Structure formats: C-alpha cells, structure tokens
Amino acid sequence: MSTTHRVLVPFELPDATPIPSTIVDTLTPMAAVVLGHYGLPEQTPPSVGRDQFEADAQAELDDLAQPFRDADVPVETRLVFGKAREKTIDRVAVEEDCDVVLTPGEADGVDRLFVPLRGTENFDRILSFVADLLSGTDATVTLFHIEDESDRLSGEELLADAADRLVEAGVDTDRISRRLSAEGDVSGRIVDIGAEFDVLVLGETEPSLPRLFGLVPARVTADTDDPAFVVRNPEE
Amino acid sequence: MSDDLERDLGLYPTITISMGAMIGSGIFVLPALGFTKAGPAVVLAYVLAGLVVLPAALSKAEMATAMPESGGTYLYIDRAMGPLFGTIAGVGAWFSLVFKSSFALVGLGAYLLLLVPLSSGLVKTVALVLAALIVVLNVVGTEQSGKAQSIIVTAVVVTLGAYVLNAGFVVEPTRFQPFAAKGSGGVVTAAAFVFVSYAGVTKIASVAEEVEDPDRNLPLGMLGSMGIMMVIYALVVVAVVGMNDPAVLSTSGPNGGPSLTPMADGAGQLFGGVGVVVISVVAVLALTSMANAGVLASSRFPLAMSRDSLAPRRLAHVSERFKTPRNAILLTGALLLVLIARVPVVELAKLASAFQILVFSFVNLALVAFRVSGVESYQPSFRAPGYPYVQVVGLVGGLALLTQIGTLPLLGAGGIIVGGIAWYLLYGRARTDREGAVGAILDRRRSDEPVTSD
C-alpha cells in the first residue's frame, strides 16, 4: 500500500510516556516521524544540553520508536534540544513533510473514531487520512458537525458528502455514522462528546500558522484525555 | 539539513532582549555618578560612550553571523586570537557582567527602599537577599520568558518616554549653565563610567544560536537596539539634569556620595506627584530583569570556557535534576554576593566599565585578526562596514577612555590581564592546542619564508 500520510509523533523527553500499541497499529498504512523534544530551561544553551544528554535521549527515542518498527510502520526519528516545544513541533512537521500530528492521550483500544468536521476546508486531506486509519482497523467512525449560521452547506449535506468520500475510499457503509449538533461552544462540545470515543481526528480549517494547530484543535487537544490526530492544513 | 537547534527569536524579540539587557543601571543609577564627573555635559558622555561601543557592536555582529553559537565575546576572541586572549577576554567579560549585575542589584535595593519604609542603611542587605534569590531561580531553571521580557522593556520605554515628556515642562534651562563645567576631560571620564550602559548589546551574541535568520537579525538587532538606546539615554539624562538641584545628584547617596536613585530624585514633580512611586516601580522591574539576565548571561562565560578546556570540566556540567549548568551559575552567584558585600558601589560601576572597555577593545582586534587571516572557516554573511577604520577608531577610543577612568579601575583591568595570563599558563595552556586565526597568519608567514616553501 502506498504511504500517503506522514504522521508526526512528538514526545517530551526525558521520561516520555510511550504511545499505546493499539494506536501504533492504526498507523500501518502510513509513515511516522518520531520527534523527541528535550526540554531545557533558558539557562542551558541547547548545544550544551545536546552534548551531555544526546546519547541517553537518542536511546530513549529509539525505544519509543520500536513499537512502530514492530508494527512495520516506516519510521524516522528526530531529536531536538530546546525550549520552545510547540514551535519545534510545527517546524519539524514542515521540514519532515508531515501532514498529521498525533497528540498523545489514553486509549485502551481503537474501536470508535470521532471526526468533527467544520466545513469543506481541508476536507480531502482529513477524509483521506480517516479512510487510511480505518483501513488498518475494524473501528467505526462517527462524523460530527456543529451547525453554524455561516455554513454554506447544510450540516446534513456536509456529513453525507463526507460519508460518500469514505465509502468511495473503500470504507463499509455500516462502519460510518453521522451526528449533528445545534449551535454552541464548538471546542467544549467536541471535548464532551469526544469523551465517549477512543480517538479523535481534528482538522485544521485555517491554514497552519506559526502557532501550533488552529484555535479549535488547540483547545480540544488541551482539554481532551483521548489521543487526537490533528490533520494540518499546509496550504499557504 | 537543519542543525536541530531551536531558532525561535525574531528581530523584535532580539531587539528587546538587547534593550532589556541594556536598560537598567546605566540609566536608573549611573546618571548622577556621571554628573559628578562631567556636570551637565554628562549627556554628551552617554552619546560618546555609545559611539565608542558602536565599532565593537559592528565587529561583534559580523563575527556572530560567522559563529552563531553560544559563547559570544569569549568565543570570537578565542577563535580569533587564540586561547590566551580567549582566557583574558572570557574572564574579563565574566567579571564585567557580574560587576554590572551587582551594581544593578545595589541600585535595585536603593529604589526598593524608596517604596518601603526601611532604613536606607539596609541597601546592601536588600541587594544580597535579592541576589541570592536570583541565583536560586537560575539554578532551578526558568522557562523562556521572551514575552515577559518584551512586556517589561515596553513598559520601561513607555515610562521613560512619559518621564521625558513630562519633565520637559519642569526642566530649568539654567541648570545646563555652565554646560561642560568640568571640561572635556570630565566628559571623557564620565563616558568611561557609563560605557557599561551599552554592554547589554553583548546579550544578542550570547543567544545567537537561538536567533532566526541570524544573518539579518543579528546585525539589525544590535544596531537597532543601540541606536534606540542612545536616543533614550540622551533624552532621559537631559531630563534628570534639568530637573534636579546639582547638590542632590552629587551628594544624596550613601555616605554623601552620588545619588543611586537619580531618576526618582526629581520625579516628585512628575505624574501629578506620584512620580517617585512610578519611577521606583519601573526601576525595580528593570533592574531585577537586568540582574537576572546578567546572572544568566554571565554564567555562559565559565560554561563556554569549560567546554573549550580553559576552565574545569565540571563548570560545563548540566545538572541532571534541574537541567541547568548549576556549577557555572553557582560560581557566578558566589562572585556576585562577594562583590555586593565587599566592594563600594561606585567602584563596582567603574570596574564593570573598565573590564567592558578592555573586552570591547579585544573584540575590535578579533575582527581584524579574522579578516587578515582569511581562515576558510570564517564566512560571515554580514560584513561590518568601514573596516578597518571603524575598528581602529573603536580601539583607540576604548583605550582613550581607559586612561581617563581612574587608578583603581585601571589597576583592575591590568589585574584581569595578568590574572588571565596566569590562569592560562597554569591551567589552559597544557590542555589546548588551538591557535586561533592569528595562528593561521603566523603559519602563513612562516611558510612564505623561502626556506620552508619549496
């Protein structure tokens, strides 16, 4: 299978929490870049920190990347020393051509995916990633939309369109369900409803800015306990 | 391929880091000291000092684009002139910055005592407590505070602007008569004293490895921040001189010495009577930030020297627990506390300036060494304009200031040179075999001789 998506998996070193193997297994049709960010206080020049901690950090990073190798996911590692974690993740995502960033969380299994959709912005990339994710598992997916008066398509149409794309990509119709919600606090509602699911897939709807993620994905990933894949929107 | 060091400082934060490192004792504490030497012409002293620093800043900007690594001044001089001069410069730059930080802390204590009803005899005690606190903070490690730094710098600049505008209404022109009361010699002496006000520009070079687009942002950041500060200093000093009775400035400090809080002295007339409080609060903010930045930046000198085998290896060790170079910070902190406790405050300022002038003279020489040697590894993307005349002016200007600074600071500068040489001979020489760009020049000379070339 061709590897279309590259997923950036950032870890905060040292003593990072490994990614559960159930999540790693879903990445089989894709490639991964495992990024170790070794946080340093401003007192320590990054080059000094690197000299002293590089060997240990690289060993830890290799251990963290092992589950990916075991699952036959093509994986590369990057080790960065410094202070600005988010900026590093963003920079490495661009340099390594990663279109998805995984933010870690708790997951016992991957049976239920939750995919909130804002509009048709970044639509292709999000749905092609969801289709890839589903092809590696037996999970079901719930497409979700919160209605907004600025919608160009009605929520029904948007979700139907999204479901059609997944079916075209080879996902069984009975694995897909749709859910509409009335207007409200977008990120709060995604976090609340997302709690019923195992894994979230969030799409950036605005072009990726120097700040990590868009406003909504940033809030959701900060508040949710679930692992979340954030699909970037790298168009300039 | 990227070097995987984070580069996340743009031009604006680079300028504010530099301004943040410059704004502090130079403007909040030193004007009165300069005034006692030069009279109202102390204004010219600030401009003159800036002009003498400028060549070194240009030289440094060029070298920073060729070696965008931590270490700054020390690194450039070491790579240009070899480890002997590297040792002298490293020790000199370290001392200068620690002296400056201790002076800032004493000034901080003085302003703090304007806010709280405590005996003014406690200035040094307060300074010692604050110093200990800052050292602990640095050992434990702090998050990048570029944003906090920008906010403080903005607040201080806005307040200084308001101070100048407001003072414009109460300045008495007669106070500038006679202008150069102590003659041109007095101006030069005062310039030597306030030289250290511009030393903060060093800070940019020491964070060079974190600056994005270093080829553009390093030189622009240095020149921009220096230009802004020269204007700010000149305006504020005019306001200070114009608002205060000369006697207050020169005798209201500890033991009848120059005032340590000159900006607050006349501020009672400003901001509807709350000027003293406003200025004191801003001074405390700026001086705290300066002292903290000073401890952080000065600890990089022993760190960098240790990595080059010019100081014990332990000084480069990063604490497993705090992820900070604890030993380098503790050594710096110990010196800081001893200086505050033992050295009279006016001497702290003079010595800091003397060491800085010495180091900046070396910086100019270092650039000349690099250019003359033509070593291949030296590929600056920014080339300082006016070479070599600018460097010669900087060097001569620096030495001229040094001769006017007084006996003790001059002895101090001599002591650094002798001490640096001694330390190099006893410790560094056996452990290093670098010869710097100057070594390359000498090699070339030798190989040019007919005997060795075939």
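The expected span of a helix is 1.5 Å times one less than its number of residues, and helices here are DSSP runs of H or I with at least four residues, numbered from the N terminus, just as strands are E runs of at least two. Welcome to this predicted model, in which local features need pLDDT of at least 70, side-chain atom pairs count only at pLDDT 80 or more, and totals for chains, interfaces and linings use all residues. Residues are numbered from 1 along each chain as its sequence is written, while chains are lettered from A and ligands numbered from 1 in the order in which they are written.

**View 1. Helix 18 of chain B, residues 407–428.** At 1.5 Å a residue, the 22 residues of this helix should span 32 Å, and the end C-alpha atoms are 30 Å apart, which agrees. The buried residues of helix 18 are Pro409(B), Gly412(B), Ala413(B), Ile416(B), Gly420(B), Tyr424(B) and Gly428(B). They cover an arc of only 105 degrees around the axis, so they sit on the same side of helix 18 of chain B; the arc is that of the directions from the helix axis to the C-beta atoms. A residue is called buried if 20 or more other C-beta atoms lie within 10 Å of its own, exposed if 12 or fewer, and partly exposed in between, with C-beta atoms placed from the backbone. On the face turned away from the buried side you will find exposed residues: Thr407(B), Leu411(B), Gly414(B), Val418(B), Ala422(B), Leu425(B) and Leu426(B). The cover over the buried residues includes helix 5 (72–115), helix 16 (345–373) and helix 17 (389–403) of chain B.

**View 2. The loop between helix 16 and helix 17 of chain B, with Pro388(B).** Look here for the cis peptide bond that joins Tyr387(B) and Pro388(B), where omega is about 0 degrees.

**View 3. Leu54(B) in helix 4 (residues 42–66) of chain B.** Leu54(B) counts as buried because it has 21 C-beta neighbours inside 10 Å.

View 4. Strand 2 pairs in the parallel sense with strand 1 (residues 6–13) of chain A over eight bridges; two strands pair if DSSP finds at least two bridges between them. Phe11(A) stands opposite Gly36(A) of strand 2. Between strand 1 and strand 2, the chain passes through helix 1 (residues 21–26) of chain A in a right-handed β-α-β crossover. Right-handed means that, with the strands pointing away from the viewer, the path from the first strand over the helix to the second runs clockwise. Eight bridges also join strand 2 to strand 3 (residues 75–82) of chain A, and these two run parallel. There, His37(A) has Val80(A) in strand 3 as its bridge partner. The β-α-β crossover from strand 2 to strand 3 goes through helix 2 (residues 46–70) of chain A and is right-handed.

**View 5. The loop between strand 1 and helix 1 of chain A, with Pro14(A).** The peptide bond from Leu13(A) to Pro14(A) is cis, with omega near -10 degrees. Asp15(A) is in this loop too, and its phi is near 60 degrees, a positive value in a residue other than glycine. Asp15(A) counts as exposed because it has 7 C-beta neighbours inside 10 Å.

How values were computed. Contact = placed C-beta atoms within 7 Å.
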